[in-house]
Amino acid sequence: MIKFILDILSDPAILIGIFALLGLLLQKAKVADVVAGTIKTILGFVILGAGAQILVGSLDIFRQVFDHAFGLKGTIPNNEAIVALSMKQFGSQTAYVMILGMLVNLLLARLTPLKYIFLTGHHTLFMACLLVAVMSAGGMTGVPLVLVGGAMLGLLMVIMPALTQPFTRKVTGSDSFALGHFGSFGYIAAALVGKVIGKKGRSTEDIKVPESLRFLRDTSISMALTMGILFIVVSLVAGPTFIETSLSGGVNFLVFSIKQALVFSAGVYIILAGVRLLIAEIVPAFKGISDKLIPNAKPALDCPAVFPFAPNAVVIGFMSSFVGGLVAMFITPALGLAVIVPGLIPHFFTGATAGVYGNATGGLRGAVFGAFVNGVLISFLPAVLLTCLGAIGFAGTTFGDTDFSVVGILLSFVMRAH
């Protein structure tokens, strides 16, 4: 039963579909509208997930080529990998903390001014897992662990969207939804850096290009070309032998590189399509929950929800964050910390989002420098977090996004103090 409940709650498509269904029922919508709205909401998330899966596959191939080309060895942040390892030790505790945390989230949204309902199920699972791992490493077990962990998780599920909401409003131009993604400290840092550096600079979306290069205004084309150049350069360094024998199944390494760049761009295109469908359905459906159960409630959605508001900043943010990660990779060993190899998946999703937030406050310069700071943070902070994870801190991977690191490090200090 625990596994059944956990599977439902950790699947963002099903979770957000349940909330859409509840919202439509509370509005007493027609049966046809309830069915259509619920299915379209779930479809939006499924499409988003399909795009993410395509994109992650392409990034994984790029990572293998990159690692071979430059001989990188070190810890690679990956939320899914570290959670899979942790769940073997703390599966039941994580499930209890996650369920309790979601109940606390609803209670806080009902009783306090923080009217945010966190709908990114997999990030809820990741944070629950982090809390359990750090508290277990600090010696806490049993009922106290579940109660404290659940209360902390519920608090984080309303506090983090609240902290980013002033900047989210600048991004979206409205107050209809919030950001429900535990990379908030990186996004806030990017927005603040953008505010200081960019001031009222031109937006990434206002970049003027010659008429002959007008096609670059299409995000899909510009992303395909950008990734194509990256893939080809790294593939040339890695050499055709490695690619054609280990990755492409004999397909010419240049043809394979170009194809992977196009696959990457297709993944981003699918993500944007899924986000548009999701927002079009979930925001109206959520009005029922807001009106009947939790007045003025706002859905806190996954980070790709902000991508359509500044598509150029998505590309710029990813690149700048990755450069920040490369710079930090050489700094962390000098500080006596683990070498954190830039993980392309966290750098894409959090870097792109940081670029959007930096652009909202500081235009092009804000997107570049804000995302760069995010890239440094998601390399430096996970290196510090490794020392706080107990036995699972030696597995060659760690959590990738800023909030996991900040919460884990602070909680570890508190546990040690007691």
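Is Ile-331 buried, exposed or partly exposed? Ile-331 is partly exposed, with a relative accessible area of 41%; here buried means under 20% relative accessible area, exposed over 50%, and partly exposed in between (1.4 Å probe, protein chains only).

This is a predicted model, in which local features need pLDDT of at least 70 and side-chain atom pairs count only at pLDDT 80 or more, while totals for chains, interfaces and linings use all residues. Residues are numbered from 1 along each chain as its sequence is written, and side-chain values use heavy atoms, with hydrogens and water left out.

1. Nonpolar patch. Val-323, Val-327, Ile-331, Leu-335 and Phe-380 make a nonpolar surface patch of about 400 Å². Such patches consist of residues with over 30% relative accessible area and no salt bridge, nonpolar side chains (Val, Leu, Ile, Met, Phe, Trp, Tyr) being joined within 5 Å and like charges within 9 Å. Helix α11 (residues 311–331) supplies the largest share, three residues, and Ile-331 lies in this helix. Helices (H or I, at least four residues) and strands (E, at least two) are DSSP runs, numbered from the N terminus.

2. Helix packing. The axes of α11 and helix α12 (residues 344–385) come within 9 Å and cross at roughly 125°. The two helices are therefore oblique to each other, a class for angles that are not under 35 degrees (roughly parallel), over 145 (roughly antiparallel) or 65 to 115 (roughly perpendicular). Axes are lines fitted to C-alpha atoms, for helices over the stretch in contact, with angles from 0 to 180 degrees between N-to-C directions.

3. Salt bridges. The structure holds two salt bridges, each defined as a side-chain nitrogen of Lys or Arg within 4 Å of a carboxyl oxygen of Asp or Glu. Arg-169 pairs with Asp-175, the closest N and O atoms being 3.4 Å apart. Lys-298 also forms a salt bridge with Asp-175, with the closest N and O atoms 3.4 Å apart. Because Lys-298 lies in strand β4 and Asp-175 in the loop between α6 (142–172) and β3 (178–179), this pair ties together parts that are 123 residues apart in sequence. Lys-298 is buried at 16% relative accessible area, whereas Asp-175 is partly exposed at 33% and Arg-169 is partly exposed at 37%.

4. Positive phi values. Lys-28, a residue other than glycine, has a positive phi near 55°; Lys-28 lies in the loop between α2 (12–26) and α3 (31–70) and is exposed at 73% relative accessible area. Asn-296, not a glycine, has a positive phi of about 65°.

Definitions and conventions: Areas by Shrake-Rupley, 256 points an atom, 1.4 Å probe, with all protein chains shown as cover.
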